[in-house]
Structure formats: structure tokens, C-alpha cells
Amino acid sequence: MQRPEALVRRHNKRHDGTMIAPSLAKTAYPPSYWAASGQPFTERPALAGATDSDVVIIGAGYTGLSAALHLAKRGMKVTVLESARVGWGASGRNGGLLIPGQRNDAETLIATHGPDHAKRLFTLALEGRDLLARLVADNAIACDLQFNGYVHAALTPAAAKACAHEVDRLQNIMGYAHVAALSAEEIRSHVASPRYQGGLLDRQGGHLHPLNFALGLAKAAERAGATIHEHSAVIRLEEGSATTAHTAFGSVKARFAIIANDAFVANVDLKLGAWVMPVGNCLIATEPLGNFLSTLLPTKAAVSDTKFVLDYFRPTTDGRLVFGGGERYTPGDPPDIAAFVRPYLTKVFPQLASIRFTQAWSGTVSVTRSRNPCFGRRGNLYWAIGYSGLGVIMATLGGALIAEAVRGTADRFDVMAKLPGEPWPGGPLARDPLYVAGMLWYALRDRIGLSLSGQG
């Protein structure tokens, strides 16, 4: 998949290579189900000329938009620079699953941090879930938000046992009463698939329309006073007592700067780029399934499985199934995304072997080595990246925590910033071969586990 910055550069050039005016650089959203069913959103003008701001934010995804909204509501002058369109990256292309908690499970959090601090980390993540719900309600964001539960589906008896252990840790150490272990029989009441051997039900989980949520945050931020510039890729950051973000056609000088472009952070800061591995995701949307959808997902829960290279899916409000998954061993998109995803779908739901897809698309998320998100600051430059698959809730929270820190209350931001982590070996230049090696290894591990369970 091409990076947004590459697309912007292509659309901002004439055939002879000279630059054209930013107002002529029109970029449509990728042809996903979310784009096809999204709310109208007029393109915002590209940055032109030099301007000053209290805060400049790089990236108009959940992190940047949440930060912009919270800061603008406190009276700060906020300028958001987006290289393509609002919600162009993972924020507008993901599956829309709402999975409460941190990316690392309770057992890992407890082993790493001890029970007390682990509980604080988990509770903070739960506040992110409540924050998202409050933002949707307070700003009347039409994003089909539904808290119908989240199911973590176990592919093997060993994985089912691990899910039951996780439920015990969540209930008895984290004090989280909204989870239940599912047996092989009980999971059938949530997912009509022969593939699963049990799992975990989180009644606080759910799903939403991811692009509409991003667009709703953008509109709310603008109503609060923030300015958003699309087609405004940052090509250079000049740091000092103030930070100046330079684009092809202008610049923003601000006391505070926020890097919030996640998987594409290396385009702005190579050192930060070494902390995340961009990973491609492929998704499809089926044609409307009518009443048949309720036989597949009786409780309308969001679902993902226990593989490292996981499958995940959820229903839509117009009766479709959105399904993501598949083992992609090399960066970039497969030649035929629909054909690539279909075998993974039919392993879960053989009933859908011949179903028609109306859209197939891809997107890029970022993964850290520790699976902890990467929060930090350098002077008055802040960042939050590397959500490792839990970005809908955690990125929304991340923007709010950065806003708190910018305004002088960094306690909660520091909780996240102190999470352990380390960069990927070799930095951005080594990520492609590392990605291939890692995907091959984890895919082999997944297959060994399934083979031992008799699933193959």
C-alpha cells in the first residue's frame, strides 16, 4: 500500500514534475465499505503560507483529532496537518472493533508491572472506552456505536484454557466483572462457527463505523475552534523553543507539537519510526446477508481470534459482515485482496463460501515490539503511536492524555510514557525483512498450534 505522503506528492505534481496548487490536489478515499457508507466530508484546504499556532498536530486520525478537540475546547489555537484526508490511514480503514483494556493481557501486565500498577494501567484503558462513548454522545457523532460485546475466540483447547485464566485474572485482580469464559458450546451462542473451542466474552466491548467516528471527531474539533488542513504532508520539523512544521506550501510555528501519524511516523521522525513496524491488514465487506447474519452472529458481538496473525469480524448496521485477516508475508497489498481474504473467511464460516463481496480494501497499522503503545515527549514535542491493533479506543485516549500533558497535567500521560519498550533492530530500513521473517515465524507457530489441536 502506498503511503499517504507518496499519494499526496503524486497528486500535487503535473506530468512534467512541477508542483501544482494545493487546491487542485484532490484525493478520494480508498474504496472501502466505510468510505462507501461514510458521512459527507468536504475536503479541507491545504496549508498555504506561514502561520502561528499554540499547537500543531501532525496527523488527522483518532490521536490527532482527539488531542485537537480537547485542546481547542480549552481555548488553545490548534492547527492539524494531514497528509491526505481526515481518517485516511488506519482510523478510517480498520474493522471498527472496540476491545476494552490494554494490548497486553492481564497476566502479562501483572507479571511485568505487579498487580497494583497493572490495575492502574488497565483502569486507564477502560477510561478510554468511556471517553469514546462520551465523545460520541456529547458531539452527536453518527458512527453506529454499539456495545454488543466482544468475543476473543479460542482456536485450540489450550487457547480456551488461557482465555479462562485471563478471565480469572481480570475478575480477581483487576476487579473487572464484565468478562466471562466461554466453553466450546457456549461460544456457539455468539459465533456460529465450528472453528472455535471456547473463548472470552467482554460485555463492555462492541464496534462502530471507524471512518464516521474520525469524521465526527474532526467536525467536533472544528466547532471547538481547531483548523484542519488536508493534503498537507509535513516534510520537515524544525525543533527549538518553538517547533515549526514545514509542508510543501507553508509552515506552522507552534509552542507545542504533537506527532500523531502512527504507522507513518518515520516520514516525519526517523528515530520514532524505529519504534513501530507498519503491518498491512486486508478486509472485505459482504453483500447484505439479511436475517442470515443473525444466525452467524446471534448477539451482534465483535470477534477476533487467538492467532498471532488473527482473523477479526463484526456485523454492520445494514446487515453485512466485515471480515479482516490473512497471513501476508511481504509488505504491500496482495494483487487481489478479495481472493486473498476469502479462504480465511470460509474457514470461519463455511456457510459463506460463495457469498459476494461488495468491497475489499487494505490499511496499515503499527505494531511495537512490546505491544505497548509508544508515548513520549522531547521538550514540547509529544507523540503517541504504536497501538498494535487496539487503536480505536487507545488512540482516542492517547489524544486526550497528550492534551492533558500539554496543558500541564502529565500524570496520566506519564503512566503510558513509562511503559517498557524498545525499537525494532535496524530501524526503519530493516523493517521489511524483519516483517517477513516475523510473519513467517508467527504463522508457523499458529499452524503448529492448530495442527496439534487437530484443526490443521
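**Figure 1. Overview of the predicted chain.** The protein chain contains 14 helices and 18 strands. This is a predicted model. The chain has 456 residues, and 57% of them count as buried. Take the contacts between residues at least 6 apart in sequence: 75% of them join residues at least 24 apart. The accessible surface of the chain is about 18000 Å². Carbon and sulfur atoms account for 53% of that surface.

**Figure 2. Confidence along the chain.** The mean pLDDT of the protein chain is 89. A value of 70 or more is reached by 86% of the residues. Residues 1-26 are a stretch to read with care: pLDDT stays under 50 there. The model has 48 contacts beyond four places in sequence for these residues.

**Figure 3. The largest nonpolar core.** This core has 87 residues. The residues with the most contacts inside it are V55, I57, V78, M174, F213 and I258. Helix α12, residues 391-406, supplies the largest share of the core, with eleven residues. A second, separate core has 29 residues, including L182, I187, V191 and V348.

**Figure 4. A close-up of V78.** V78 is one of the residues with the most contacts inside the largest core. Leave aside its neighbours within four places in sequence. V78 is then in contact with S53, V55, I57, A68, L71, A72, A226 and T227.

**Figure 5. Helix α8 and its cover.** Helix α8 runs over residues 210-223 and has 14 residues. From its first C-alpha to its last it reaches 20 Å, close to the 20 Å expected at 1.5 Å a residue. The helix is mostly covered, with eleven of its 14 residues buried. Among the buried residues are P210, L211, F213, L217 and A221. What covers the buried residues? The cover includes helices α2, α3, α4, α6 and α12, together with strand β8. After the helix comes G225, whose phi is positive, near 120 degrees.

**Figure 6. The salt bridge between R44 and E222.** The two side chains meet at 2.7 Å, N to O. R44 sits in the loop between α2 and β1, while E222 belongs to helix α8. The pair links distant parts of the chain, 178 residues apart. Are the two partners buried or exposed? R44 has a relative accessible area of 17%, so it is buried. E222 has 24%, so it is partly exposed. The cut-off between the two classes is 20%.

**Figure 7. The salt bridge between R356 and E287.** Here the side chains meet at 3.6 Å, N to O. R356 lies in the loop between α11 and β16, and E287 lies in the loop between β12 and α10, so the pair ties together parts 69 residues apart in sequence. R356 is partly exposed, at 48% relative accessibility. E287 is partly exposed too, at 23%.

**Figure 8. Further salt bridges.** The count for the model comes to 14 salt bridges. E238 and R236 form one, with their closest N and O atoms 3.8 Å apart. E238 is partly exposed, at 39% relative accessibility. R236 is also partly exposed, at 45%. Elsewhere, E43, R85 and E230 are linked in a network of salt bridges.

Technical notes
Residues numbered from 1 in each chain as written. Predicted model: local features only at pLDDT ≥ 70, side-chain atom pairs only at ≥ 80, totals over all residues. Heavy atoms only, no water. Core = buried A, V, L, I, M, F, W, Y, C linked by side-chain atoms within 4.5 Å. Buried < 20%, exposed > 50% of the residue type's maximum accessible area, 1.4 Å probe, protein only. Helix = DSSP H or I, 4+ residues; strand = E, 2+ residues; numbered from the N terminus. Contact = heavy atoms within 4.5 Å. pLDDT = per-residue confidence, 0-100. Expected span 1.5 Å × (residues − 1). Areas by Shrake-Rupley, 256 points an atom, 1.4 Å probe, with all protein chains shown as cover. Salt bridge = Lys/Arg side-chain N within 4 Å of Asp/Glu carboxyl O.
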